[in-house]
Amino acid sequence: MLRRHFPPDIEEEQPLGMIQACSSSENDLSPSLVIWMLIIIGTECILGILANGFIAVINTAEWIHNKVLSTSGKILLCLGVSRIGLQSLMMLELTLSSTSPQFYNDDVVYHAFRGCFMFLNHCSLWFAAWLSFFYFVKVADFSYPLFLKLKWRISGLMPWLLQLSVFASLGQSVLFFQNIHTMNCNSMFPPHSFNSTWKKSFAEATVINLVLFLNLGIFIPLVMFILAATLLIISLKRHILHMKSNATGSRDPSMEAHLGAIRAISYFLILYIVKVLALFLYMSNFFDINSPLNILCKIIMAAYPAGHSILLIQDNPGLKRAWKRLQAQVHLYFKK
């Protein structure tokens, strides 16, 4: 992301691992490793596209059939569409970076991919955070007046919040391009214009400021997701303790459902945090572009949309019923 934008003497002196010359031949991947990386990430992306495509199709069909879409359906539809675009872009980027590195490493192409990736990825993170927040507001049992008012108005507010998330993600992507342009212009000053200490400080300050800016859009939905998921788990555990105190001895199906909800939310929370950490490291360019750790970040980022969407299908009653109907139809088709 931040490559070939500083004069050679600055690159030789600066200690940060974020500014790397991605086109160095000594860091090229071996053909066998490229093939394995394409297979692993390609498989993850295909599974994610299929799972999110299923979510998008089911909610679109419900929208067409009922002439209206539930609030959770709107969030799931936005989430599915954004992830389809994100994983399609990841497959295209991986293919170009592995098979046509000279074309991919062109500044315009490279930053276009990073800008589009930032927009789609931030949209996906926001939509997942709003889904967690919506479930928390609808399911959690708190008696605070402000919370009760939010519970009553959340369905009307959610479409506006989704649109605001899209504009926020788009705005940050546009500002990303402006920051990159500024860095390019500043790097065009001749090396003898400043002393080496000033150039080193300028390079470090510019990179740190840009990294903080890039990850601001990750931090806000992360905090919102963690708070919503944590409070929802606390509320469900309180409800379970209340049901246990009133239990007559047999296992309550409602209690089983609540325990299942806690497990699902915990899985979502772990996946979300791991995904955000991998994204932070990847967007900050802490590792060389072809290092094993950078490749691991790519694998994690490709795995999250697929894994989270599969869990959503398993835990959402409407999606689970639709999936079972699809399985039955496919089984009947091949049986014939």
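By class, six nonpolar, one polar and two charged residues make up the lining of the largest cavity. Here Ala, Val, Leu, Ile, Met, Phe, Trp, Tyr, Cys and Pro count as nonpolar, Asp, Glu, Lys and Arg as charged, and the others, Gly among them, as polar. This is a predicted model, in which local features need pLDDT of at least 70, side-chain atom pairs count only at pLDDT 80 or more, and totals for chains, interfaces and linings use all residues. Residues are numbered from 1 along each chain as its sequence is written, and side-chain values use heavy atoms, leaving out hydrogens and water.

**Overall fold**
- The chain has 10 helices and zero strands, taken as DSSP runs (helices H or I, at least four residues; strands E, at least two) numbered from the N terminus.
- Of its 336 residues, 43% count as buried, meaning under 20% relative accessible area with a 1.4 Å probe and protein chains only; exposed is over 50%, and partly exposed lies in between.
- Among contacts (heavy atoms within 4.5 Å) with a separation of 6 or more, 78% join residues 24 or more positions apart.

**Cavities**
- The structure holds two cavities of 30 Å³ or more; a cavity is a set of points on a 1 Å grid over the protein atoms alone where a 1.4 Å probe fits but cannot get out.
- The largest cavity contains about 100 Å³ of space, a volume being the space filled by probe spheres set on the points, which are joined across faces, edges and corners.
- Its lining residues (an atom within 4 Å of a point) are I41, M90, E93, L94, S97, F117, Y282, K298 and M301.
- α3 (71–99) and α9 (292–315) each supply at least two residues of this lining, and α3 gives the most, with four.

**Nonpolar core**
- The largest nonpolar core has 72 residues, and F117, W130, F136, M158 and Y272 have the most contacts inside it; such a core joins buried Ala, Val, Leu, Ile, Met, Phe, Trp, Tyr and Cys residues through side-chain atoms within 4.5 Å.
- The largest share of this core, 18 residues, comes from α5.
- Beyond residues up to four places away in sequence, F117 touches L86, L89, M90, L279, Y282, M283 and M301.

**A loop residue to look at**
- K67 is found in the loop between α2 and α3, and its phi is near 65°, a positive value in a residue other than glycine.
- Most residues other than glycine have a negative phi.
- K67 counts as exposed because its relative accessibility is 70%.

Technical notes:
1 Å grid on protein atoms, 1.4 Å probe; cavity = no way out; pocket = protein on both sides within 12 Å on 5 of 7 lines; lining within 4 Å.
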